[in-house]
Amino acid sequence: GLAKVVPLPATEGVIGRIFAELADEAEARISAEAAAFTAPMLGDLAWGISRTGNADKRFLRTVALAAKSRLAEMTCQDLASLSVAYADQPLDEGEGLLKGVFAETRTRLEYHPP
């Protein structure tokens, strides 16, 4: 959504505050009840907030922990969104998530329907 139409990085001024508040609210809600977020929502949040420059380590850790157990539910696009969001992040949780995305992608590529 918004990350596609807002000039980047969106870390200053009113736009920056809006995205920072979105990240804080999403983090709080995911921490309280991660199941309330669908797998695509987690991928979209990570991608959108990371693109704006407002994704702090705490937000990224929270999303990574919630998404890691739900990789099998995600579409290829969701997996790609997570990959882009975490590719340049120096987090152990991000590395673990990327390994999970890679393993899930490999499983899908190796599948040969009857």
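A salt bridge here is a side-chain nitrogen of Lys or Arg within 4 Å of a carboxyl oxygen of Asp or Glu. The model is predicted, and local features need pLDDT of at least 70, side-chain atom pairs count only at pLDDT 80 or more, and totals for chains, interfaces and linings use all residues. Residues are numbered from 1 along each chain as its sequence is written, and side-chain values use heavy atoms, with hydrogens and water left out.

The structure holds 6 salt bridges, and this tour visits some of them.

Select glutamate 27 and arginine 58 to begin: their side chains meet in a salt bridge, at 2.5 Å from N to O. This pair links distant parts of the chain, glutamate 27 lying in helix H2 (residues 13–32) and arginine 58 in helix H4 (residues 57–68), 31 residues apart; helices are DSSP runs of H or I of at least four residues, numbered from the N terminus. Glutamate 27 has 9% relative accessibility and counts as buried, where buried means under 20% relative accessible area, exposed over 50% and partly exposed in between, with a 1.4 Å probe and protein chains only.

Next, select arginine 61 and glutamate 93, whose side chains form a salt bridge at 3.1 Å, N to O. Arginine 61 belongs to helix H4 and glutamate 93 to helix H6 (residues 92–110), so that the pair links distant parts of the chain, 32 residues apart. Arginine 61 is partly exposed at 33%, and glutamate 93 is partly exposed at 24%.

Finally, select glutamate 95 and lysine 99, which form a salt bridge with their closest N and O atoms 3.4 Å apart. Because they are 4 residues apart in helix H6, about one helical turn separates them. Glutamate 95 counts as partly exposed at 44% relative accessibility, whereas lysine 99, at 54%, counts as exposed.

Conventions. Helix = DSSP H or I, 4+ residues; strand = E, 2+ residues; numbered from the N terminus.
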